[in-house]
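Hi,

Here is the structure I promised to pass on.

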Amino acid sequence: MKKTFLFVLSVMATVTATAQDLRLWYSHPAETWTDALPVGNSRMGAMVFGGVEQEELQLNEETFWAGGPHNNISSKGYAALGEIRQMVFQEKFGEAQKLIDGTFFTGQHGMRYLPLGSLKVKYDYSALEKVPTTLESKRPSYTRSLNIGTATADVNYNVGAATYSRKVFASMTDNVIVVRLETSIDNTLAFSLAYDCPKELNPQVSAKGATMTMRCHGVEQEGIKPALNAECRVAVQTDGRVKALNGNIFVSNANSATLYIIGATNFINYHDVSGNASKRCDSMLKKAMKKSYNQLLDEHIRKYKSQYDRVCLNIPATKASEAETDERVKNFNTNDDLNLVALLYQYGRYLLISSSQPGGQPANLQGVWNSSMYAPWDSKYTININAEMNYWPAEVTNLSECHEPLFSMIDDLAVTGRDAASKLYGARGWTAHHNTDIWRVTGPIDMAYYGMWPNGGAWLAQHLWQHYLFTADKDFLRRHYDALRGTADFYMSNLVKHPQTGWLVTVPSMSPEHGYDKSGASIVAGCTMDNQIAFDALYSTLLATRELGGNKAYEDSLVSVISQLPPMQIGRHNQVQEWLVDADNPRDEHRHISHLYGLYPSNQISPTANPLLFQAARNTLLQRGDMATGWSIGWKINFWARMLDGDHAFRIIRNMLCLLPSDAVAKDYPNGRTYRNLFDAHPPFQIDGNFGFTAGVSEMLLQSHDGAVQLLPALPEEWKEGCVKGLVARGAFVVDMDWQGSQLLKARIVSRNGGTLRLRSYVPLKGKALKPATGTCPNALLAPAEVAKPRISNEITPQSPILPRIYEYDVETEAGDVVEVERGV
């Protein structure tokens, strides 16, 4: 008589969550894609569902995109530019927007990131029928977990008398995704492998011996023919029997099995697709299979931890921290589980390590994970904030090498963007608009309302300058100087004198995805964000030029243009104006708060150098409200940290940590901003909110943009005790801190580069060689921006901020020095 095995799922009593054991865990398999657990090594990503009867690993390869090499530069744009500018200056915004739509767009709006299909592992438990009935069955149990300290996903459960386990990791050293399957009773591991791939990709699946091969092709999009093909191989090593049949692989009578999964395409770079996916898979698979499973695992963990272990955030765990991860999110705002902040913080670092490694592509809108043939916003690189937000944590959380794929993309765009500058604007240098993709397109995308924004390249290039400020790596600055300078050259040759004000402005442009005109148009001239980004491009290029030896004539031209930029303005609602005109609506809670780019990520709005602007920025934040889409909440955490208001920043964190069980029930959870697997919910899923969160918490703990290394600048009152180790400040200082009673207790700072270390604290400090600071900090890597005083509406009396008392000290350091300080009296 055939036996039926019931898969009863219950919580394993051994699961706990502590500051040292940071993992996501669940007592049931994933029901939806945003329940599944992500693993990745930048080249490949997998979502692990953890099923009992069938496991699914949904796969991605970072270079598998639609279309092929091209650039979307219109041949009609430049001829219409003069007329468009005239319309804008005449405030015919709707007409200008209509003309832009008809002349600046090619019909190609960037290609989409494609999935690689799914590997299905279907279990056969019939071998358990032969297990002697005298062998007592174990209590049914199930756990699914992701250990972010080792970058491994595990599934463990009982069926009858047997315990089954799976471990999945994306090898950081050998490119492959590895799956280890085991059973506790000899010869009771049996399963089949099948590959499921979207039919639009024209997949062909074959199996021979112990290897399965899936080959597929990219797709056409918007008239751009597919140039990519992809291959995925799955190889099996086992002590059981293996049979290949009809494209499937069957394993039986095994104690254990190891699956090696590798994917590749023919992509070499944005203009070269002459690679060979089959040869790449063959080479990488052979190399990996020469190593034992334990060797692969050990080397992977060692490499991963060499990055991950640089930073530790400890916020004490409580009894509530022992609950399943989705329950922790669900109950976060009603209990004392502050340790969940540390988990989500380190999860952001885990995701960045897993999706962005040297030699690879940058993390896109979904990192490296996507299951859809039509991903939201094509899962491209949205460079009017989202792609930049992905990399906000890179330097401060000690993951500089994870920044390298973005630098590589910037270098590519500095080439393709020359066509955008010259052919669309008649300008020098290079530019990109609000979106790009793997083919490094630089023309405007979508429509004028969203895409007529020629500042994406300049914002991206600020990451080059920031990397220099954090590392003091002059060789890096020299290598990337041309890309940085190219953004300044674009502004110097594209800015136009405003006929009413005389200021130099970008035109046409808009404040990202937002407008004030009654026509519904967003197109304007010289919005505040444009002016701030232009300032950064020009000013950082000026400083970099001086740092690399100087060019007096070029420096003078930069200074001249900077002096003609519009100053920031404080409007009639005591707010930072979003546009040249005072048109802000204090009841408008739009998700983009673009005009506070100068507060974060830039350093143009300072509490000490520009206190009236600082207070106006606070008013803007209050007017925009505390709730928003997921990524916007991530930005607001950083904003409130820069406002030195830790309690308000934590209020924003609480808004992010609201559970959304799935997109299918989003209407029932209007405030849901975190999925069960801790992915950020726009909704839908966008990974930038995860990275914005991690950057924001870092900004609450350490700031270094305003003339000093400020310790615990925005620590919430509720975070009574804790410690953080390994954060990096500008000037190349590595900082460890402990706090008690919501105040700094002690700090240890390692100077990687030497130079003056200026410390800023809310409590007096004592330590060897510490002396009270006077005057401006001599360390240029910590210097604030020198911006013009704001213009103030004559309808208001400007407000001054209430700032906490600070203590400042200087220490002269040499490379390798360690500075230790503690709370004084």
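Helices here are DSSP runs of H or I with at least four residues, and strands are E runs of at least two, both numbered from the N terminus.

Before going on: this is a predicted model, where local features need pLDDT of at least 70 and side-chain atom pairs pLDDT 80 or more, while totals for chains, interfaces and linings use all residues. Residues are numbered from 1 along each chain as its sequence is written, and side-chain values use heavy atoms, leaving out hydrogens and water.

Next, the pocket. A pocket is an open set of points on a 1 Å grid over the protein atoms alone, where a 1.4 Å probe fits, with protein on both sides within 12 Å along at least five of seven lines; lining residues have an atom within 4 Å of a point. Of its 43 lining residues, Trp465, Gln466, Leu469, Asn603 and Arg730 are the closest to the centre. Helix 11 gives the largest share of this lining, eight residues, and helix 13 is among the elements that give two or more.

Finally, leucine 701 touches Leu313, Trp719 and Trp739, among others (heavy atoms within 4.5 Å, not counting residues up to four places away in sequence).

Cheers
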